[in-house]
Amino acid sequence: MVTVVSAILRRDLELGFRRWGDVASPLMFFAIVTALFPLALSPAREVLQGLGPGVLWIAALLAMLLSLNALFRQDLEDGSMEQLVVGPHPLPLIMLAKALAHWLLSGLPLVLLAPLLAVTYHLPAEGVRALCVTLLLGTPTLSLLGSVGAALTAGVRQSGGLLALLILPLCLPVLMFGSRATALAAEGEVVTGPLYLLGALLALAVTLVPATSSAAIRISLD
Amino acid sequence: MINLSNDAMLVADELTLWRGELCLFDGLSVAVEPGQALMVRGPNGAGKTTLLRVLCGLTRPEAGQVHWCGEPVETSGEQFGRALAYCGHQTGLKADLSLAGNLAFAARLAGLHGEPWRDIMAQLGLASRADLLVRHLSAGQQRRGALVRALMVPAQLWVFDEPFTNLDAAGRDWLEARLDAHLDRGGMAIIAAHHELRPRPGLRTLELAEAR
């Protein structure tokens, strides 16, 4: 079991580093969008502090969406997905490994970049900490939920819009709890509640998503 | 309908599959036993590839079922997966990894140790290409790479879709010899090909008619 997950992680990470442009562009998007808001709206501290959590979270969500499109496309086109499906290993495990690889390449860099960008919005230390924790709990959920949509739309041409339409509604709770918790923490409130909820959503996604995305990729392969 | 014997290993029963308005096959039954090879022939678009995908469990037929050792292929996942070497239309190789990197990944998944691809690769004349990225290989070399991946695992059932395309005469002879050895050991093979296979005991041909 461990061998399958580690083999897929190793391969996908290596491919990610080989095609670093694909990995870097969602990150660039995240950085550019968050940097443009202060320029377009107002550099005033109160305005930025109010907007910060929401803007950072929305940009992170959209950056994740951007990177999801390519999650299974290549695997489907070059036939490596069907090789994995006919192989002896349980498909849900393979799908979980794919989602984990996606998070390591697209979600984790966002979490690491976020505190830097949060400075632009004058977020206090508690707010920055909450932003990192909520992103750390929320982005894996987004990777998992997104993998279902990506598996369903992998065979469809120009599936970007369809993918967004399919999974954005599912991502809304993560966005709401993530950005509200960050905002509340910035105002000095205790945010354990929303953090527990984000954790619960992640646990739910880890248990339900692999089976769902396996069924979805089978449909795409059929 | 073919007379099904009980010791047959791969049995497909009364398969029916439609693609839109086209009926690719209706009530098709196939059985392959150890030592037997089944060659699937037919004009372009007759459903050779689709039939092979159904037999591997990749495509679900509208009716009928495929059994491996008496169990439906959907539920005998691990057992069937270990017994099957599938070589489809696409090579299943990652263009941005080296050939050796691709094969190492496949070997890791199959639970093989060392570098089981070395010998086969040398026999197919790929030894000097092992460290090249797959995108820099020619179509024939990529096809050979996919064959190496399929042949390095100790699978009992080969399902190969057009394995002879892009292969030169020497490559074809080599593959035919491998097939003979595989059948002698009690292996099974299902091969879709335009190229005529050498006649051999245990070789049967399934002629698919044009889709209606």
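**One helix of chain B and its surroundings**

Helix H3 of chain B covers residues 99-110, twelve residues in total. From first C-alpha to last it reaches 17 Å, close to the 16 Å expected at 1.5 Å a residue. That expected span is 1.5 Å times one less than the number of residues. Helices here are DSSP runs of H or I with at least four residues, strands are runs of E with at least two, and both are numbered from the N terminus.

This is a predicted model, in which local features need pLDDT of at least 70 and side-chain atom pairs count only at pLDDT 80 or more, while totals for chains, interfaces and linings use all residues. Residues are numbered from 1 along each chain as its sequence is written, and chains are lettered from A and ligands numbered from 1 in the order in which they are written.

Which residues of H3(B) are buried? They are Leu99(B), Gly101(B), Asn102(B), Leu103(B), Phe105(B), Ala106(B), Leu109(B) and Ala110(B). Buried means 20 or more other C-beta atoms within 10 Å of the residue's own; exposed means 12 or fewer; partly exposed lies in between, with C-beta atoms placed from the backbone. An α-helix has 3.6 residues a turn, so residues three or four places apart point the same way.

What do these buried residues pack against? Their partners are H1 of chain A and helix H5 (139-152) of chain B. Just past the helix, Gly111(B) has a positive phi of about 75°.

Contact means C-beta atoms, placed from the backbone, within 7 Å. For the complex, the predictor gives an ipTM of 0.89 and a pTM of 0.91.

Now the core. The largest nonpolar core has 129 residues. Such a core is a set of buried Ala, Val, Leu, Ile, Met, Phe, Trp, Tyr and Cys residues joined through C-beta atoms within 7 Å. Ala60(A), Leu55(B), Val148(B) and Val159(B) touch the most other members. Helix H6 (residues 91-120) of chain A gives the most to the core, with 14 residues.

Follow Val159(B). Beyond four places in sequence, its contacts are Leu52(B), Leu55(B), Cys56(B), Leu84(B), Tyr86(B) and Ile190(B). Cys56(B) sits in helix H1 (residues 48-56) of chain B. Cys56(B) counts as buried because 22 other C-beta atoms lie within 10 Å.

On the chain A side, follow Ala60(A) to Thr139(A), which touches it. Thr139(A) lies in helix H7 (residues 125-153) of chain A. It is buried, with 27 other C-beta atoms within 10 Å.

Most residues other than glycine have a negative phi, and most peptide bonds are trans. Glu162(B) has a positive phi of about 50° and is not a glycine. Asn166(B), also not a glycine, has a phi near 65°. Glu162(B) is in the loop between strand E7 (157-161) and helix H6 (169-184) of chain B; Asn166(B) is in the loop between E7 and H6 of chain B. Glu162(B) is partly exposed, with 19 C-beta neighbours inside 10 Å. Asn166(B) is partly exposed too, with 14.

Step back to chain B. It has six helices and nine strands. Its radius of gyration is 17 Å, close to the 17 Å from the globule rule for 212 residues, so it is as compact as a globular protein of that length. The radius is taken over C-alpha atoms, and the rule is 2.2 Å times the number of residues to the power 0.38. Of the 212 residues, 41% count as buried.

Last, confidence. pLDDT is the predictor's confidence in each residue, from 0 to 100. Chain B averages 86, and 96% of the residues score at least 70. Over residues 1-6 of chain B, pLDDT stays under 50. Where pLDDT is low, the predicted coordinates should not be read in detail.

Note on methods
Two residues are in contact if their C-beta atoms, placed from the backbone, lie within 7 Å.
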